[in-house]
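My notes cover helix packing, a ligand shell and some aromatic rings.

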Amino acid sequence: MLVKHKLNEKERGYSRRDFLKITGGSGIGFASLAAVAAIKELPGTNEGMLFNSRLKDPYLPQYPTEYPWWVKEIDDTANSLGTTEIVPNELALGSTKVNGQYQPFTDGRQDGFQAVGNAATNQDWSGEWGKIAQEAVTSRNEWIANMTPEELQDYRFGTAIVQASDHWHVNTAEKNWIKLPINAAKVEISAEEMTVKLKGVAHWFGVDQIRVCAIDDKMKPFLYKVAATSGTLRGYRPKGWIDPGRPVAWPYPYKYAIVMGIFTSLPTHRAGVGPLANASTATTCSDQDVYSKYMESTIRGLGYDAYGMIIADEDCCETPFAIRAGLAEAGRSGLAIAPWGAGLRTIVVATNAPLVPDKPINFGLREFCKVCGRCSANCVSQVIGKDPEPSLINGAYKWEYDGFQCMKQRTAFGCQFCVSVCPWSSPNTPTHDIGRVLASIPMLAPMMVKVADITYGKYPRGENADKWQPWHTPADWAPWRT
Ligand code: SF4
Ligand code: SF4
């Protein structure tokens, strides 16, 4: 999945020319277009080179590096985080996915995966997270006890891949990672040029999306006061491990956040629940660590300080950074939803390299979420708000979400059903692109929700399916099945 692979247009199965033909030759992207154009003007660059090529996904390369015309850049104002309205003086917490009680989220060790991991490692069932961890372990054991031999083999493969993936989180953790020294000889170029070049490098690494935002006072609520220092539940931790934490300074020592996004594999995240969905999420998650450290080391090699955050050992809650940098809007599910779907996984690299921040984006998601609610209707644990309108929660207008129950489900069975049922989580084919364009127009959103319900089913894979089964059929693709 990290291997670079050049595909010709036929292999891609989709070209920008097709898109232009179908959309009547209307506009193309904004800042990224300028960026790519600029790359081509630079000496020694790769004209004609195709970006975005992670081998895990047979649809690849599927996500354009340029935003099409219907994704609009919007102004960054004091009262907004992208298209999410905020009340700055009440802002205590962004659209974080893992803190259902909406309390100020200042300690990275209280991130759901960290807290459940600590409880399970030490068999400490005290406190709210301890209770969730215990219930999750009990449910999982009951599930395993009732598996057929075929399901058990699925579970074993899925779990082995998850553990292999999560072990990166432990070994790239801040306390274990040896940073490359900052090169004393700086590469002195303008902020504009540095931005363009680093974006090109990230795409070449295999990153799907990359944009920049400032780390200023507006982002202060989304930086922890104490960060975690180790990986997650499924990466190895010795029994008795207690995370001492790591203070996060404010003023923050870095001026910019490079926010990169990669997408989970579509065919596997459509498994929704169970080992295959779990493995799909986990491998993308560990890829995030690798891309983060690639970028950190590259920037340090160019002579500038950089810190690549890894999952579960990061200084911040990433979603608000993804929204402010313009990778996504905040969806009803609390996830950062990109024009190409809810499977976006975000990576933050903090740096003092000279850069130009991007603007947030609006592709109509906010209005679409109000009439859609497919994630809410299909959530296995029924934890996503059903009210069409978002409400003021800790300083931001968003939808209700119970992170404790979600974490229990994910720990016990693996889950990304809310990701897979989101209509935006579709391949970048001309047909789907037409759907995206129509869905971005608020007055057409109700019609497009109906189209999604008819095309994929209102309750994909059957509302009567046993709640705890891995909801994929043997025909679904999995790397270990022959
Ligand atoms: S569908 Fe699964 S992952 Fe999504 S919110 Fe519900 S329980 Fe959590
Ligand atoms: S499933 Fe629908 S309501 Fe949920 S995040 Fe996606 S577009 Fe929004």
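These are my entries, in the order I made them.

**Entry 1: a helix pair.** First reminder to myself: this is a predicted model. I started with α4 (residues 112-121) and α5 (residues 127-145), whose axes come within 8 Å and cross at roughly 70°. An angle from 65 to 115 degrees counts as roughly perpendicular, so I put α4 down as roughly perpendicular to α5. Next I wanted to know which residues meet there. On the α4 side I found G112, A115, V116 and A119, and on the α5 side W129, G130, I132 and A133. Sorted by class, this contact has 6 nonpolar and 2 polar residues, with no charged ones.

**Entry 2: around ligand 2.** I listed what surrounds ligand 2 and got R332, S333, I337, F368, C369, C372, G373, R374, C375, C422, P423 and W424. Which helices supply at least two residues each to this shell? I noted α11 (365-371) and α12 (374-378). By class, I have the shell down as 8 nonpolar, 2 polar and 2 charged residues.

**Entry 3: aromatic rings.** My count of aromatic pairs came to 10. The one I looked up in detail is F205 with Y294: the ring centres are 4.5 Å apart and the planes sit at 15°. Planes under 30 degrees apart count as stacked, so I logged the pair as stacked. The two partners come from distant parts of the chain, 89 residues apart, with F205 in helix α7 (residues 191-205) and Y294 in helix α9 (residues 275-301).

F205 has a relative accessible area of 9%, so I call F205 buried. Y294, at 36%, goes down as partly exposed.

I also wrote down an aromatic cluster made of W70, F363, F368 and W424. Two of these names were already in my notes: F368 and W424 are both among the residues surrounding ligand 2.

**Entry 4: T319.** Last stop was T319, which I found in helix α10 (residues 318-325). Buried or exposed? The relative accessibility of T319 is 14%, and the cut-off for buried is under 20%, so T319 goes in my notes as buried. I also took the C-alpha separation between T319 and I347, which is 9.5 Å for two residues 28 apart along the chain.

Definitions and conventions. Residues are numbered from 1 along each chain as its sequence is written. Chains are lettered from A and ligands numbered from 1 in the order in which they are written. This is a predicted model: local features need pLDDT of at least 70, side-chain atom pairs count only at pLDDT 80 or more; totals for chains, interfaces and linings use all residues. Side-chain values use heavy atoms; hydrogens and water are left out. Axes are lines fitted to C-alpha atoms, for helices over the stretch in contact, and angles run from 0 to 180 degrees between N-to-C directions. Helices (H or I, at least four residues) and strands (E, at least two) are DSSP runs, numbered from the N terminus. Angles under 35 degrees count as roughly parallel, over 145 as roughly antiparallel, 65 to 115 as roughly perpendicular and the rest as oblique. Contact means heavy atoms within 4.5 Å. Ala, Val, Leu, Ile, Met, Phe, Trp, Tyr, Cys and Pro count as nonpolar, Asp, Glu, Lys and Arg as charged, and the others, Gly among them, as polar. A residue is near a molecule or strand if one of its heavy atoms lies within 4 Å of it. Rings of Phe, Tyr and Trp (its six-membered ring) pair if their centres lie within 6.5 Å; planes under 30 degrees apart count as stacked, over 60 as edge-to-face and the rest as tilted. Buried means under 20% relative accessible area, exposed over 50%, partly exposed in between (1.4 Å probe, protein chains only).
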